[in-house]
Amino acid sequence: MKALNIISLGYRATLEEQDDTIVWLTHAMRGAGADIDILLRGSAVNYVVKGQAVSPLAIGGREQKHAPDVYGQIETLSEKGARIYVLAEDLKQRGLKQAPRLDATRIVSDDDLPELLGGYDAVWHW
Amino acid sequence: MKNYLIVETRDLLETRDTEWTGVLTCKLARNKAEATVFLTENGVLAARAAYDATMLRQCLKKGVRVFADSFALEERGIALCDLAKGVEVADIGLVTDRMIKGATVLWR
Amino acid sequence: MTTTLTFALMDAPFEASRTATVLRLIDDAIDKGCNINVFAYEGAVYLPFALQAPHANAVHGRDIDEEDHPLPREWIAALMEKAKRWDVAFDWVNCGLCVDERGASEAIEGVRRGSPADFWTMATSSENTLVVGTN
């Protein structure tokens with residue numbers, strides 16, 4: 001079974017969780033043998049933008065050892081063979097059309113969605 | 001023919017992202033897939049005829065069937081006579097039935 | 001042949017309308033004779049939390065018995081019972097790491113601890129899977 005995870009909301013609880021939890025879930029499922037790709041849309045398109053960094057958060061002196069690295073999470077996912085699709089319209093609306101981004105990114109437009117979605121046995125919108 | 005059901009739970013005016021529900025379903029319909037929108041929770045607010053629901057009107061124009069959850073309509077005091085032309089009423093069982101028939105269901 | 005449906009949930013109890021809507025959907029699916037799998041991710045691991053407790057409602061002038069407030073864990077237990085009556089399977093898996101970080105280890109009977117691999121197994125052995133994400 002081939003599945004496509006659509007991730008629409010970026011940076012939701014990523015500081016607390018130290019990960020984007022759906023990207024993490026995708027990693028975990030791929031580790032269990034799943035054939036899953038991702039489509040980033042909405043604010044999640046920012047995940048492929050180069051140059052983002054989070055300093056480990058310290059609250060009340062309690063310091064976080066592993067700050068989230070959503071770009072890195074996506075990069076590693078692509079290195080493991082997952083296809084990383086990003087919606088062109090959402091990049092454009094957010095002024096990211098020309099922004100340096102992850103090389104492995106596959107840009108798709110809304111017009112491409114019927115064919116893209118049709119190529120998967122399961123499409124899950126998180 | 002591929003079959004899609006998009007469940008829209010959010011108020012169309014409160015969340016601009018709901019526009020993509022319309023974009024996606026219209027694109028799917030144009031590509032000869034069966035595309036349906038099921039409004040539930042605050043999504044049914046847009047089912048009122050008096051609501052400024054451009055996205056819904058566009059869906060209906062493109063042949064997308066739009067259903068509103070009867071439970072959510074009642075919860076919000078939206079009577080059948082208040083509904084926009086073309087919006088149909090169904091209960092949550094429509095989602096179950098589509099799932100059983102193998103539709104791709106996206107929850108938004 | 002019985003249809004098996006899988007649901008992935010994310011919301012903690014009492015935070016989103018989605019929870020009640022999805023439980024209504026699962027209830028309907030059981031009525032239609034479907035086997036049910038639920039993968040509870042993140043906050044949803046608290047839905048079957050055993051230590052949820054009812055309360056009175058002074059604003060409405062109701063004591064604890066009069067209020068009789070159904071808790072999510074009771075709804076889930078009721079769905080499990082209904083599934084038994086209908087002779088369909090009902091498998092609820094709480095994502096283990098989500099349970100750990102939230103301290104939600106005490107779940108009602110019938111809930112088992114699992115991992116994302118379980119979600120994949122559920123999805124690949126079902127006729128259909130619905131993901132109900134959060135925001």
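Predicted model: local features only at pLDDT ≥ 70, side-chain atom pairs only at ≥ 80, totals over all residues.
Residues are numbered from 1 along each chain as its sequence is written, and chains are lettered from A and ligands numbered from 1 in the order in which they are written.

Student: How are H2(A) and H3(A) oriented to each other?
Tutor: Helices are DSSP runs (H or I, at least four residues) and strands are runs of E (at least two), numbered from the N terminus. Helix H2 (residues 21-31) and helix H3 (residues 70-79) of chain A pack at about 25°, with axes 10 Å apart; axes are lines fitted to C-alpha atoms over the stretch in contact, and angles run from 0 to 180 degrees between N-to-C directions. Angles under 35 degrees count as roughly parallel, over 145 as roughly antiparallel, 65 to 115 as roughly perpendicular and the rest as oblique. H2(A) and H3(A) are therefore roughly parallel.

Student: Which residues of H3(A) make the contact with H2(A)?
Tutor: Two residues are in contact if their C-beta atoms, placed from the backbone, lie within 7 Å. From H2(A) come A:Val23, A:Trp24, A:Thr26 and A:His27. From H3(A) come A:Val70, A:Gln73, A:Ile74 and A:Leu77.

Student: What span does helix H1 of chain C reach?
Tutor: H1(C) covers residues 17-31, which is 15 residues.

Student: Which residues of H3(C) are in contact with H1(C)?
Tutor: H1(C) and H3(C) pack at about 10°, with axes 10 Å apart, and are therefore roughly parallel. H1(C) contributes C:Thr19, C:Leu23, C:Ile26, C:Asp27 and C:Ile30. H3(C) contributes C:Pro72, C:Trp75, C:Leu79, C:Lys82 and C:Ala83.

Student: How many nonpolar residues has the contact of H1(C) with H3(C)?
Tutor: Ala, Val, Leu, Ile, Met, Phe, Trp, Tyr, Cys and Pro count as nonpolar, Asp, Glu, Lys and Arg as charged, and the others, Gly among them, as polar. The contact has one polar and two charged residues. Its nonpolar residues number seven.

Student: Which element supplies the largest share of the side of chain C that touches chain A?
Tutor: 13 residues of chain C are in contact with 13 residues of chain A. Helix H5 (116-124) and E5 of chain C each supply at least two residues of that side. The largest share, six residues, comes from H5(C).

How values were computed:
Expected span 1.5 Å × (residues − 1).
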